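User: I am new to this structure and would like to learn how to read its features one at a time. Could you take me through them slowly, with the general idea before each case?

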Amino acid sequence: MRDDTQGMDRRDFLKTAAVAAGSAALPRSVAAGEPAIRAEVDAFLKDYVAKWLPLETAASEASWAASTDVSEAHVAAQVAASQAVNAVAGAPEVIEKVTRFLAAGADLTDLQVRQLEKVRLRAAEAPGTLPDVVKARVEAEARQAAAQDGFVFTVKKPDGAVEHPSANRIDQVLLNSNDLDERLAYWKASKEIGAPLRDGILKLRDLRNQVARGLGFSDFFALQVADYGMTVDEMLALCDRILADVKPLYIQLHTWAKHRLAKRYGVDPPDGKIPAHWLSNRWGQSWPGFVEGIDMDAPFQGKSKEFIVEQAERFYVSLGFPKLPPSFWTKSDLYPADPASGRKKNSHASAWHVDLDQDVRSLMSVEPDNQWFDTAHHELGHIYYYLAYSTPQVPHLLREGANRAFHEGVGDLIGLAAGQRPYLKQAGLLSPQAEAAPAVKFLLASALEGAAIVFLPWAAGVMTRFERDFYAGDVADDALNASWWARVGEYQGIAPPEDRPETLCDPATKTHVNDDPAQYYDYAVGTVLKFQLHDHVAREILKQDPRDCNYHGNEKVGAFLRDILKLGATRDWNEVLREATGEGLTARPLVAYFEPLMAWLEAENQGKPAGWPE
């Protein structure tokens, strides 16, 4: 992202490319005194991967084709491939055996239990005990993805002309335009995509819940949270703690921003919530372009699109990581589709681990600007994570992050490192104006943009609470927009510029609601994790200020990261984090990072009413 803000949101686009099965070479005989069931489990896992992995790879290839070249033929192939892999992953005999094996957990090794739990969660996505429901879900998700990826935005100009802007074009208008009428037109156009997706997301909710309940989960949201080894209540409590930690700073940012924007647009500041079309992001999840005197895009003028991704690779190589495999460059889809070609592609940045080995790819639409510079560093973080755990020491089933948030946290960590002034200066990408700017301005920009303070009320609040309530049945079918905007108002202090009728579906305008559902808390946890890892790297390895440091060229930093990445999901994520940083997940480093900004904002906002009516 960086929507996510181009892909902060920027993680695996399709879950099927990230969840894989299999194991490395497994013992064929029972050691003296070893429970006999261990050999039975080993044989089961070996047989499972032999059947499942080739089909999963084929399904990932089909999904890639459907995402990079939207067509009816590719969608049909995606459906067929997904159905084939689901027939193996969710087979009734797989469910029966996994249930029996896990009941004997005390007699199994930790590595066996972890692999079996991954098989169980994968089976719960497509239980063979509900074949008609699984088939209907696959078809519905493919249709929803095709409708989303093939949608054409439309803007009607005051002179009667009609424009069909790309997502990048809409983002540029919202970033740069000072004309509130123009902003409103493009903002409304960005929401048109929700209406044709409305019926599909309601159908998908019901189908997803049915498959989750087939293996005993209360709903689809609970199934996704189970990947953390947590209950829904525990995840919500974790998100609430994160929100409480950052709320004082967010309120100060909100107060500062609405007065700054009112001045920019030549209007009075609102008493409470900020109108959504005032903001420089379609969902208000990031607020770039607000800080005057820092033009981060200027150094990229004249640079090629290719330079952006190549520079990101150079960053990783300087830390001791290998160059990307040649196939990454030949198989990835990194740049905007040529409009003359007629080809349509998904506009959201993502990273793909197609075969759970060396076939790694990225889907982006890179332009030479600072946002895509950040996004490219983030997406390559996923790619290098894939490569680090694709070794014989890590069973295929456990070739994923310590938890899903670890993938986001690592990508965001490198995005944060790529935005530090010492690195940008070394790379020749820091303008003299930006170099001379006060440090607090960079903190302000960091808090507003990407995955930082402004992002957390969106990720831990709006998206997490809406999707939890949506799948739990607490959002009425005829109140999707009302429920959505109630949460946007509560957590972000943002209001729609005009009434949003229920014929529309603003939540479905966010790609994750359609194709990466019930997992957005990953980004919130990943944001906290990012600052925790960054604080350790800066203070304990680099011995530098976390707000002004440079990872580039330091192989000790690379070794620290590789020690985390190479484990995949073979260890408990809490243990991995404690061993790496000395403490469990905490927002303390994040809050400390922005302490100077908090003092500055309080002085700037003195005498102005803070917050918004609840």
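**Reading the features**

Analyst: Let us begin with exposure, where buried means under 20% relative accessible area, exposed over 50%, and partly exposed in between (1.4 Å probe, protein chains only); lysine 543 counts as exposed because its relative accessibility is 60%. This is a predicted model, in which local features need pLDDT of at least 70 and side-chain atom pairs count only at pLDDT 80 or more, while totals for chains, interfaces and linings use all residues. Residues are numbered from 1 along each chain as its sequence is written, and side-chain values use heavy atoms, with hydrogens and water left out.

User: Where is lysine 543 placed, and what is its phi?

Analyst: Most residues other than glycine have a negative phi. Lysine 543, although not a glycine, has a positive phi of about 55°, and its place is in the loop between α21 (521-542) and α22 (555-565). Helices (H or I, at least four residues) and strands (E, at least two) are DSSP runs, numbered from the N terminus. Leucine 356, also not a glycine, has a positive phi of about 55°, and it is found in the loop between β4 (350-353) and β5 (360-363).

User: Is leucine 356 buried or exposed?

Analyst: Leucine 356 is buried, because its relative accessible area is 2%.

User: How should I read a nonpolar core, and which residues touch the most other members of the largest one?

Analyst: A nonpolar core is a set of buried Ala, Val, Leu, Ile, Met, Phe, Trp, Tyr and Cys residues joined through side-chain atoms within 4.5 Å. The largest core has 165 residues, of which Leu253, Tyr551, Phe594 and Leu597 touch the most other members. Helix α10 (residues 232-265) gives the largest share of this core, 16 residues. Another core, of 24 residues, lies apart from it and includes Val49, Ala81, Val88 and Phe101.

User: What is leucine 597 in contact with, leaving aside neighbours within four places in sequence?

Analyst: Contact means heavy atoms within 4.5 Å, and on that reading leucine 597, with those neighbours set aside, meets Leu249, Leu253, Val440, Leu443, Leu444 and Ala447.

User: How are helices α6 and α7 arranged, and which residues meet?

Analyst: Axes are lines fitted to C-alpha atoms, for helices over the stretch in contact, and angles run from 0 to 180 degrees between N-to-C directions. The axes of helix α6 (residues 167-176) and helix α7 (residues 180-191) come within 9 Å and cross at roughly 145°. On the α6 side, Arg169, Ile170, Val173, Leu174 and Leu175 meet Glu182, Arg183, Tyr186, Trp187 and Ser190 of α7.

User: Why is α6 described as largely enclosed by the rest of the structure?

Analyst: It is described in that way because 7 of the 10 residues of α6 are buried, and these are Ala167, Asn168, Ile170, Asp171, Val173, Leu174 and Leu175. The cover over the buried residues of α6 includes α7, α10 and α13 (370-389).

User: How many disulfides does a search of the whole structure find?

Analyst: A disulfide is a covalent bond between the sulfur atoms of two cysteines. Here the test is a pair of cysteine sulfur atoms within 2.5 Å, and a search of the whole structure finds 0 disulfides. Cysteine 239 is buried, with a relative accessible area of 1%, and cysteine 505 counts as buried at 1% relative accessibility.
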